[in-house]
Amino acid sequence: MTHVSPTVHEIRNAIRATTGRFEREVDASFTKEELQAICEALGVGADDAERPSTTRMRRQIRAAVGVAESVETADDSTFRKADLRATADAVGAPFDS
C-alpha cells in the first residue's frame, strides 16, 4: 500500500479547520484573518497594539513553531511545505504525515 504525503493545500486546510477557519476548495495562501487565527492559537502577537502585517505574522509563526530562531531572523515569504507541517504540529492540526 502506497502512502501519499498530504499536499500543501491539505495541510493548510487542516490548519484552517483547527484554528476555527473555513476550509477552502481551491489552493490559496492564508488570508490575513487566517494568519491572525494561527497567531492566536500559538499565543503570539498579542502584545502588538496595532494589527500586524501579514509578513510580521508569518515571521512570528515561523519563530513560534521553531522554523526560525527569532522573529527578526525569520523569513517573511509564503509558507513552504516544511513550514506548514511545523505549524500544523504546533496547533494540533491532524494530517497524515
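Modeller: A salt bridge is a side-chain nitrogen of Lys or Arg within 4 Å of a carboxyl oxygen of Asp or Glu. This is a predicted model, in which local features need pLDDT of at least 70 and side-chain atom pairs pLDDT 80 or more, while totals for chains, interfaces and linings use all residues. Residues are numbered from 1 along each chain, and side-chain values use heavy atoms, without hydrogens or water.

Biologist: How many salt bridges does the structure hold?

Modeller: The structure holds 7 of them. In one, the side chains of Arg12 and Asp27 meet, with N and O 2.5 Å apart.

Biologist: Where in the chain are those two?

Modeller: Arg12 is in helix H1, and Asp27 is in the loop between H1 and H2. They are 15 residues apart, and the pair links distant parts of the chain. Helices here are DSSP runs (H or I, at least four residues), numbered from the N terminus.

Biologist: Is Arg12 buried or exposed?

Modeller: Arg12 is buried, with a relative accessible area of 8%. Asp27, at 55%, counts as exposed. Buried means under 20% relative accessible area and exposed over 50%, with partly exposed in between (1.4 Å probe, protein chains only).

Biologist: And which residue forms a salt bridge with Arg16?

Modeller: Glu34 does, and the closest N and O atoms are 2.8 Å apart. Arg16 lies in helix H1 and Glu34 in helix H2, so this bridge ties together parts that are 18 residues apart in sequence. Arg16 is buried at 1% relative accessible area, and Glu34 also counts as buried, at 4%.

Biologist: What about Arg62 and Asp83, how do their side chains meet?

Modeller: They meet in a salt bridge, with a distance of 2.8 Å from N to O. The pair links helix H3, which holds Arg62, to helix H4, which holds Asp83, across 21 residues. Arg62 has a relative accessibility of 2% and counts as buried. Asp83 is buried too, with a relative accessible area of 6%.

Biologist: Which residues are linked with Arg62 in a network of salt bridges?

Modeller: The network joins Arg62 with Asp75, Arg80 and Asp83.

Biologist: Staying with H4, which of its residues are buried?

Modeller: Asp83 is one of them, and the others are Leu84, Thr87, Ala88 and Val91. These residues pack against H1, H2 and H3. A contact here means heavy atoms within 4.5 Å.

Biologist: And what does the face turned away from the buried side of H4 carry?

Modeller: That face carries the exposed residues Ala82 and Asp89. After the helix comes Gly92, whose phi is positive, near 75°.

Biologist: What comes just after H1, then?

Modeller: Gly20 does, with a positive phi of about 80°. Within H1, the buried residues are His9, Ile11, Arg12, Asn13, Ala14, Ile15 and Arg16. What covers them includes H2 and H4.

Biologist: What does His9 touch?

Modeller: Leaving out residues up to four places away in sequence, His9 touches Arg24, Glu25, Val26, Asp27 and Ala28. His9 is buried, with a relative accessible area of 17%. Among its partners is Asp27, which also forms the salt bridge with Arg12.

Biologist: New topic: how many aromatic pairs are there?

Modeller: A search of the whole structure finds 1 aromatic pair. The ring centres of Phe30 and Phe79 are 6.1 Å apart and the planes stand at 75°, so the pair is edge-to-face. Rings of Phe, Tyr and Trp (its six-membered ring) pair if their centres lie within 6.5 Å; planes under 30 degrees apart are stacked, over 60 edge-to-face, and the rest tilted.

Biologist: Last one: where does Ala74 lie?

Modeller: Ala74 lies in the loop between H3 and H4. Ala74 counts as buried, at 6% relative accessibility. Not counting residues up to four places away in sequence, Ala74 touches Arg59, Arg62 and Ala68.
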